[in-house]
Amino acid sequence: MATSRQFCPKCGLQSLKCTRTISIGLDGHPLEYSRVSYWTCQNKECGARYMLERPEGRLRPVRKARLE
């Protein structure tokens with residue numbers, strides 16, 4: 001069965017979960033709109049947050065991890 005959690009770049013655990021997805025572009029077909037999704041690390045010691053821009057695939061940190 002597939003999992004909805006990905007590996008966190010900061011702590012390395014499989015605890016990164018998508019919390020929200022927003023469409024930001026309205027040109028072309030609805031399935032091809034540009035989107036931003038927000039990901040949060042569920043590890044209590046880490047807690048890092050990221051923003052993923054699609055279709056570019058850039059993962060940017062939104063909040064620093066608690067590990068630092």
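**View 1. Ser-15 touches Arg-5, Gln-6, Cys-8, Thr-40, Cys-41, Gln-42 and Asn-43, leaving aside residues up to four places away in sequence.** A contact here means heavy atoms within 4.5 Å. The model is a predicted one, so to read it: local features need pLDDT of at least 70, side-chain atom pairs count only at pLDDT 80 or more, and totals for chains, interfaces and linings use all residues. Residues are numbered from 1 along each chain as its sequence is written, and side-chain values use heavy atoms, with hydrogens and water left out. Ser-15 lies in the loop between strand E1 (5-6) and strand E2 (16-23). Strands (E, at least two residues) and helices (H or I, at least four) are DSSP runs, numbered from the N terminus. With a relative accessible area of 8%, Ser-15 is buried, as buried means under 20%, exposed over 50% and partly exposed in between (1.4 Å probe, protein chains only).

**View 2. Here is the sheet as a whole.** The 5 strands make an open sheet in the order E1-E2-E3-E4-E5, with antiparallel pairing. Its edge strands are E1 and strand E5 (58-63), each of which pairs on one side only. Two strands pair if DSSP finds at least two bridges between them. E1 and E2 run antiparallel and are joined by 2 bridges; in this pairing, Gln-6 stands opposite Leu-16 in E2. Antiparallel E2 and E3 are joined by 7 bridges.

View 3. Arg-20 stands opposite Tyr-38 in E3. The charged end of Arg-20 also sits over the ring of Tyr-38, 5.0 Å from the ring centre. For this, NZ of Lys or CZ of Arg must be within 6 Å of the ring centre and within 35 degrees of the ring normal.

View 4. Cys-11 is partly exposed at 22% relative accessibility, whereas Cys-41 is buried at 5%.

**View 5. Ser-34 sits in the loop between E2 and strand E3 (35-41).** Is Ser-34 buried or partly exposed? At 23% relative accessibility, Ser-34 counts as partly exposed. Not counting residues up to four places away in sequence, Ser-34 touches Ile-22, Ser-23, Ile-24, Gly-25, Arg-54 and Pro-55.

**View 6. The last panel steps back to the whole chain.** Of its 68 residues, 28% count as buried. The accessible surface of the protein chain comes to about 5100 Å², and 53% of this belongs to carbon and sulfur atoms. Accessible areas come from the Shrake-Rupley method with a 1.4 Å probe; for residues, only the protein chains shown count as cover. Among contacts between residues at least 6 apart in sequence, 21% join residues at least 24 apart.
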